[in-house]
Amino acid sequence: MMSHNADFAISPLVAILSSFHNSLVPATAVDALRTFPGEHMVSTSAQSIPYDYVPRNISAWLGEKISIGAESFNETVIGGPAMNPSTFNSAVVQWDTGAGVGWITALDAVVGPGYLNLTYPQGTSDSQFQFLVSPFTQKKDVAGWEDLVGLNVRVSGTFDPKLRVSYSASDATIKYVF
């Protein structure tokens with residue numbers, strides 16, 4: 001099962017327009033995408049007026065079989081222009097599980113080589129982090145971080161280490177709630 005299988009509906013449109021689009025992409029850009037240049041960081045910023053009070057700081061670390069990306073935000077509406085907090089992901093980890101791509105999404109974060117640091121500056125003892133985690137064909141029963149296929153996760157901080165895990169058949173994701 002794939003949680004984004006509906007995304008493939010765009011494939012016919014891409015196939016029809018690809019020749020035209022290819023003429024707009026410089027050869028140097030295409031060449032740069034053919035071979036992975038090695039581990040590196042990317043940092044930039046973006047702003048969506050009128051939804052962002054301040055520019056978002058965006059950073060990503062890309063490794064051979066893993067990428068970690070995050071953005072800071074201060075928005076008028078969580079989810080920005082989409083106004084949909086369930087589709088807004090300020091931090092994402094994607095990695096090669098050996099049989100596809102695994103992913104995790106989260107909240108306010110800072111990225112560095114091999115790490116994702118999550119904070120909740122306005123958090124209280126009632127606050128929660130929710131993580132959406134990709135489903136895995138190799139391991140259907142995921143009860144904790146140690147069950148993530150192809151990824152080693154170490155969690156630290158001031159929190160209740162007992163996870164509450166639930167499965168959502170509607171979008172085939174697993175939620176981790178701290």
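**Helix H1 and its surface**

Analyst: In this predicted model, Ile16 is exposed, with a relative accessible area of 67%. Ile16 has its place in helix H1, residues 11–24.

User: Which residues form a nonpolar patch on the surface, and what is their accessible area together?

Analyst: Ile16 is one of the members of this patch. The residues that form the patch are Ile10, Leu13, Val14, Ile16 and Leu17. Together their accessible area is about 470 Å².

User: What is the count of buried residues in H1?

Analyst: A residue counts as buried when its relative accessible area is under 20%. H1 is hardly covered. Among its 14 residues, the count of buried residues is 0.

User: What is the pattern of secondary structure along the sequence?

Analyst: The chain comes to 2 helices and 10 strands. Read along the sequence, the pattern is α-α-β-β-β-β-β-β-β-β-β-β.

User: Are the residues Arg56, Asp52 and Glu71 buried or exposed?

Analyst: Arg56 and Asp52 are both buried. For the pair of Glu71 and Arg56, the class is likewise buried.

User: How many residues apart in sequence are the parts tied together by Lys65 and Asp96?

Analyst: The side chains of Lys65 and Asp96 meet in a salt bridge of 3.9 Å, N to O. Lys65 lies in the loop between S2 and S3, and Asp96 in strand S4 (residues 91–96), so the parts that the pair ties together are apart in sequence by 31 residues.

User: Which exposure classes do Lys65 and Asp96 fall into?

Analyst: Lys65 has a relative accessible area of 56% and is therefore exposed. Asp96 has a relative accessibility of 33%, so the class of Asp96 is partly exposed.

**Loops**

User: Which residues does Thr97 contact, leaving aside its neighbours within four places in sequence?

Analyst: Thr97 is found in the loop between S4 and strand S5 (101–106). With a relative accessible area of 13%, Thr97 is buried. Its contacts are Gly102, Phe136, Gln138 and Val149.

User: What separation lies between the C-alpha atoms of Gly98 and Gly150?

Analyst: Gly98 lies in the loop between S4 and S5 and is exposed, with a relative accessible area of 68%. Gly98 and Gly150 are 52 residues apart along the chain. Their C-alpha atoms are separated by 7.0 Å.

User: Which residues does Ala143 touch, not counting residues up to four places away in sequence?

Analyst: Ala143 is found in the loop between strand S8 (130–133) and strand S9 (164–168). At 56% relative accessibility, this residue counts as exposed. The residues touched by Ala143 are Leu163 and Val165.

User: Which peptide bond is cis, and what is its omega?

Analyst: Most peptide bonds are trans. The bond from Ile49 to Pro50 is cis, and Pro50 has its place in the loop between strand S1 (40–46) and S2. Its omega is near 15°.

**The chain as a whole**

User: What share of the contacts between residues at least 6 apart in sequence joins residues at least 24 apart?

Analyst: A contact here means heavy atoms within 4.5 Å. Among contacts in the chain between residues at least 6 apart, the share that joins residues at least 24 apart is 44%.

User: What percentage of the residues of the chain count as buried?

Analyst: The accessible surface of the chain comes to about 11,800 Å², of which 57% belongs to carbon and sulfur atoms. The chain has 178 residues, and the percentage that count as buried is 28%.

Conventions: Residues numbered from 1 in each chain as written. Predicted model: local features only at pLDDT ≥ 70, side-chain atom pairs only at ≥ 80, totals over all residues. Heavy atoms only, no water. Helix = DSSP H or I, 4+ residues; strand = E, 2+ residues; numbered from the N terminus. Buried < 20%, exposed > 50% of the residue type's maximum accessible area, 1.4 Å probe, protein only. Patch = residues over 30% accessible without salt bridge, like charges linked within 9 Å, V, L, I, M, F, W, Y side chains within 5 Å. Areas by Shrake-Rupley, 256 points an atom, 1.4 Å probe, with all protein chains shown as cover. Salt bridge = Lys/Arg side-chain N within 4 Å of Asp/Glu carboxyl O.
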